[in-house]
Amino acid sequence: MNGQPRLRVLVVDDHDVVHWGFRVLLEHQPWVERCIAARSGAEALDAAARAKPDVALVDLFLGGESGAELCESLRAASPETKVLLVSGAGTISAAAARAAGASGFVSKDWGAPDVVKAVRMVGLGMDVFTPAAAPERAKLSAREREVVELIAAGATNREIAERLILSPHTVKEYTSSAYRKLGARNRADAVKRAQRVGLIS
């Protein structure tokens, strides 16, 4: 691994399929030294005390337990362990997650490469939080993205219509839709917001 540290990872999830999937996914990473599993808060605390994992991937809703509360307990039992909260059913604000001692939050809707990258980043001491509005902003259609890219290049609606072979009225509709999804007030604001969430360069 060219001098890169190998990490011990603890997966805490009470759903067998998710549990198995994360373990298989992580065990195949060259930077993972060991992947430990736990299905409850008690198992997680025991595993953390024994293995001292570098990072723990903790389900936000662990059966009847709170992943955020478990995060606090894990950090108390093993201060060197960084916690990445994960959920498929809900969310937690960055402020609340940080208050519980977590270094990040990811959704189970994320692609496998993104979850793996987040685990590694947290294990190496970085934070992983996305802006609350990012999922909505990411819903721009391909055509809306093209329109915003042309706006960023300084094109007028008439020029965009000619470039994309659309009517000015249709371009206006795409522009209004993009503004709404981005939460933008005007052209400059739309470009800035789209750049901030990586929709355009």
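This is a predicted model: local features need pLDDT of at least 70, side-chain atom pairs count only at pLDDT 80 or more; totals for chains, interfaces and linings use all residues.
Figure 1. The side chains of Asp-127 and Arg-98 meet in a salt bridge, with an N to O distance of 3.8 Å. Arg-98 belongs to helix α4 (residues 94-99), whereas Asp-127 lies in the loop between α5 (112-123) and α6 (134-137), so the pair ties together parts of the chain that are 29 residues apart in sequence. Side chains of opposite charge can pair when their charged atoms come close. A search of the whole structure finds 8 salt bridges.

Figure 2. Lys-181 forms a salt bridge with Glu-144, and their closest N and O atoms are 3.1 Å apart. This pair links distant parts of the chain, for Lys-181 is in helix α9 and Glu-144 is in helix α7, 37 residues apart. Is Glu-144 buried or exposed? Glu-144 counts as buried because its relative accessibility is 5%, and the limit for a buried residue is under 20%.

**Figure 3. The buried face of helix α7.** Helix α7 spans residues 142-152, and its buried residues are Glu-144, Val-147, Val-148, Leu-150 and Ile-151. When the helix is seen down its axis, these buried residues fall within an arc of 160 degrees, so they line one face of α7. An α-helix has 3.6 residues a turn, so residues three or four places apart point the same way. Which helices do the buried residues of α7 pack against? They pack against α8 (157-164), α9 (168-182) and α10 (187-196). After α7 comes Gly-154, which has a positive phi, near 95 degrees.

**Figure 4. The crossing of helices α8 and α9.** Two packed helices are described by the angle between their axes and the distance between the axes. The axes of α8 and α9 come within 9 Å and cross at roughly 105 degrees. Because angles of 65 to 115 degrees count as roughly perpendicular, α8 is roughly perpendicular to α9. On the α8 side, the contact is made by Asn-157, Ile-160 and Ala-161; on the α9 side, by Pro-168, Val-171, Lys-172 and Thr-175. Sorted by class, the contact of α8 with α9 has 4 nonpolar, 2 polar and 1 charged residues.

Figure 5. Arg-193 forms a salt bridge with Asp-189, the closest N and O atoms being 3.0 Å apart. Both residues lie in helix α10, where Arg-193 and Asp-189 are 4 residues apart, about one turn of the helix. Arg-193 and Asp-189 are both buried. Which residues are linked in the network of salt bridges? Arg-185, Asp-189 and Arg-193 are linked in this network.

**Figure 6. Gly-41 in helix α2.** Gly-41 is found in helix α2, which covers residues 41-51. With a relative accessibility of 3%, Gly-41 counts as buried. Leaving aside residues up to four places away in sequence, Gly-41 touches Leu-62, Glu-65 and Leu-70. The C-alpha atom of Gly-41 is separated by 40 Å from that of Ala-194, a residue 153 residues apart from Gly-41 along the chain.

Notes. Residues are numbered from 1 along each chain as its sequence is written. Side-chain values use heavy atoms; hydrogens and water are left out. Buried means under 20% relative accessible area, exposed over 50%, partly exposed in between (1.4 Å probe, protein chains only). Helices (H or I, at least four residues) and strands (E, at least two) are DSSP runs, numbered from the N terminus. The arc is that of the directions from the helix axis to the C-beta atoms. Contact means heavy atoms within 4.5 Å. Axes are lines fitted to C-alpha atoms, for helices over the stretch in contact, and angles run from 0 to 180 degrees between N-to-C directions. Angles under 35 degrees count as roughly parallel, over 145 as roughly antiparallel, 65 to 115 as roughly perpendicular and the rest as oblique. Ala, Val, Leu, Ile, Met, Phe, Trp, Tyr, Cys and Pro count as nonpolar, Asp, Glu, Lys and Arg as charged, and the others, Gly among them, as polar. A salt bridge is a side-chain nitrogen of Lys or Arg within 4 Å of a carboxyl oxygen of Asp or Glu.
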